[in-house]
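Student: I have a two-chain model open. Can we go through its architecture by question and answer?

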Amino acid sequence: MDTNFLVVGVGGQGTILAGDILAEVGMAGGFDAKKSDILGLAIRSGSVVSHIRWGREVHSPMSMLGQVDYLLAFEPLESLRMVEYLKPDSTVIVNDYPIPPVAVTTGQSAYPSREQIDGMLSAASGRYFNINVTERAIRLGNVKVVNIMLLGALSGLLELPVSVWETTIEKYVPSKLLKVNTRAFQAGRELLN
Amino acid sequence: MKEILSGNEAIARGAYEAGIEIAAGYPGTPSSEIIKTIAQKYGNDIYTEWSTNEKVAMDAGAGAAYSGRRTLVTTKQVGMNVLSDSLMYAVYTGMEAGLVVVTADDPGMFSSQNEQDNRWYARLAKIPLLEPGDSQEAKDYVILAIKLSEEFDTPILIRTVMRTSHSKSVVTIGSRPNGKAEIGPFKRDPAKYNCTASNARKMHPRVEQRIKEIREYADGLSINRIEWRDRSLGFITGGVLYHYLLDVFPGASILKLGMTYPLPETLIREFAGGVEQLVVLEELDPVIEEQVKAMGIEVRGKDIFPPCFELLPDEIKRYTRDAGLLKETVPPRKEKSGKAEKLPELPIRSPVFCAGCPHRSTFYLLKKMKLPVAGDIGCYNLGTLPPFEAQHTMGAMGASVGVLHGMSLAELPENRVCTIGDSTFFHSGMAPLVNMVHNGSRGVVILMDNSVTAMTGHQDHPGVDWAVIEERPAKRVDLEAVVRAIGVEKVEVVDAFKIKEVEERLKDCLDFDGPSVLITRGECIFVSRNPQGPYHVDLEKCIACHMCFRVGCPAIGQSTEKNPKNNKYKSHIDPTLCIGCDVCRQVCPTGAITPPGKSKGKE
């Protein structure tokens, strides 16, 4: 049985790295794993989407609509774009740190209300968490560790041994930032309790 | 050993395992990570460079392969138009060592100005085309391409699409052949390497004979294979589409083509004869379909699938269901609660200039001055989007300068400018500037010098003092000196972060009767070694006039406090995004925006 993930956010938030780690964790955990990114212009504060799939044998690197088990959203608006991908019993983890796009700050369109976001995501998923991770990352001393903290939260819901996560994170984050990332990962594991 | 690699990383690994010694290209999404990965991981064994443009890279590749070193040349799909001039002679000559060209195509146009299908180039050039579908194949096909290149004495084209280049999958790692190639003195063989017409007349029949031999070889090539399943429906496909198909039609028979030109005719006939209904699944043009039809075989394709955009698994489902091929009916999406929230119209999130981008001030001014702007390719094309809407044409690398010249020839009733980045100028902006000078043009070339090839992921270009990786020193070519040497008499250089100065110098240039160049200089935030702390908004001074919104900075948004006089929200600067470029401070009429540590006001 495949496990399908979506990691979404705004260019510059560290979603790509989170997805890379998630894909490698799948491989290190004994699965076939694939990942698909949109890079290039999308990194300039645009929407960023990564598909990650684990399974015995994964074919397409992208999930189809209605196939996604876990949505990890670094930004609330970006999570809403993905609801059609969600399985009814899926899990959604959203970083409650809205980044209004320029279309919103310049008054051309409105950012969805918290009620709309909550309504959409709880209707479309089985489990829905919405937590301000950015604020916690800043308290840890580095806003950039949002990605590792979110992975920590996700890891608590999956069955792979925590050592697989820790080894992979160590491989991917710069060594001088390992300490703060390790703390972020541990803080993330407590996040959904 | 296994690693999880992107298609581009796997091509780099393939170059290493194939014994390639030289790799050159020009950056372009989705191809850029190939050269970068080679430089970072295999730089001790493989020389890499970002050449000035794709044609220069191809010529360098040809020269290296003529000299006996295995060579890789990389490009994005539109770069192939630039490269192809030089590919065509290498097709006639062949080489002393393997030569592989990788084109990374962009169905869906995630970061390209068109959706051209570069499989045609293989047919045009009459060279083999390999299309990997995942990272393992991406690696394996580079090794195979070198083998074929040397066996048949021809360049080989490998085509990826964005989804193969930027998807990651598991790859089994192999090893590199030992040692450097032993090369002798340059082979003086003009009959083989000089395409003068009398020689070329002998070369062309050899090219035709060669592709005929490869066509026969393709039938026995293991990367072309039939997977028999249910015989009522059979698909011919290749590349990443094969993997999509396995998800959508796990029961269908598939002829999986690894080499998509020349086609294996015997294998296709066997497959067509073994299935009741035959369909070609290919993105973009009916390249395979038309060739299969030319064999006299009945086949469906573009009557089912459109010629535009990607064919992702969901699209394959939709089109094959419409065509009656997919029997599965979709269960209506079940919502947990009966009354699911209706999805509101979501605001779009277009890419914007980064906080701290040196291009912002120029586009702020171009909008204000209402000038017609011939644009070019790079991050500055974001000046096309709101709030600037100040780049009015864009079509190809370097085109802005020539288009500006054409506007001058047309004797427009208004003054006009073009915008071109430093890397794009070196790529193909110099020749049209020479043309402007020689032919007495008038107009301002705004040369936006941010010290890097930014949009494609921050590669070097001739105007910087490093090459491929920052630690590798290189000779810097002086942009201003080049412009002056070309003969431009009016050249101004200005700090891109100082709006007033940019405006004054731009007006000077506009007044000049002849071609002029305004170099707006400011480092891309990704290479700047000197980011400042975040600015902030003094809410006591902010009158919510929203002038600062006009600089289109992602760090500037609304605060929660309103100005009661106009009932608008005052501004707020996100401290996690602002790097203190100072541009918004210069447009604020009340002095409400202040650098770090300079305000006592609360925010």
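Student: How many helices and strands are there in chain B, and what is its radius of gyration?
Tutor: This is a predicted model. Chain B holds 19 helices and 24 strands. For its 603 residues the globule rule gives 25 Å, and chain B comes close to that, so it is as compact as a globular protein of that length. The radius of gyration of chain B is 27 Å.

Student: What percentage of the residues of chain B count as buried?
Tutor: The C-alpha trace of chain B spans about 80 × 75 × 50 Å along its principal axes. Take contacts in chain B between residues at least 6 apart in sequence: 75% of them join residues at least 24 apart. The buried share of the 603 residues of chain B is 53%.

Student: Which element of chain A gives the most to the side that touches chain B?
Tutor: The contact takes 47 residues from chain A and 47 residues from chain B. On the chain A side, helix 1, strand 2, helix 2, helix 3 and helix 4 each supply at least two residues. By class, that side of chain A has 26 nonpolar, 14 polar and 7 charged residues. With 6 residues, the element that gives the most is strand 2 of chain A.

Student: Which strands stand at the edges of the 8-strand sheet?
Tutor: The sheet is open, with mixed pairing and the order 6(A)-5(A)-4(A)-1(A)-3(A)-2(A)-8(B)-1(B). Neighbouring strands are turned by 20 degrees against each other on average, direction ignored. Each edge strand has a single partner strand, so one side of each is left without a neighbour in the sheet. The edge strands are strand 6 of chain A and strand 1 of chain B.

Student: What angle does helix 6 of chain A make with strand 5 of chain A?
Tutor: Strand 4 and strand 5 of chain A pair in the parallel sense over 5 bridges. Within that pair, Leu72(A) stands opposite Ile93(A). Helix 6 of chain A packs on the sheet and touches both strands. Its direction and that of strand 5 of chain A make about 140 degrees.

Student: What separates the centres of domain 1 and domain 2 of chain B?
Tutor: The domain assignment of chain B gives domain 1 (2–177 + 190–219) and domain 2 (225–322), among others. Between them, 25 residues of domain 1 are in contact with 22 residues of domain 2. Taken over C-alpha atoms, the centres are separated by 25 Å.

Student: Which helix of chain B gives the most to the side of domain 1 that touches domain 2?
Tutor: That side of domain 1 divides into 12 nonpolar, 3 polar and 10 charged residues. Helix 5, strand 6, helix 6, helix 7 and helix 9 of chain B each supply at least two residues. With 5 residues, the top contributor is helix 9 of chain B.

Technical notes
Residues numbered from 1 in each chain as written. Chains lettered and ligands numbered in written order. Predicted model: local features only at pLDDT ≥ 70, side-chain atom pairs only at ≥ 80, totals over all residues. Helix = DSSP H or I, 4+ residues; strand = E, 2+ residues; numbered from the N terminus. Rg over C-alpha atoms; globule rule 2.2 N^0.38 Å. Buried ≥ 20, exposed ≤ 12 C-beta atoms within 10 Å, placed from the backbone. Contact = placed C-beta atoms within 7 Å. Nonpolar A, V, L, I, M, F, W, Y, C, P; charged D, E, K, R; others polar. Pairing = 2+ DSSP bridges. Axes fitted to C-alpha atoms, helices over the stretch in contact; angles between N-to-C directions. Domains from an automatic or database assignment.
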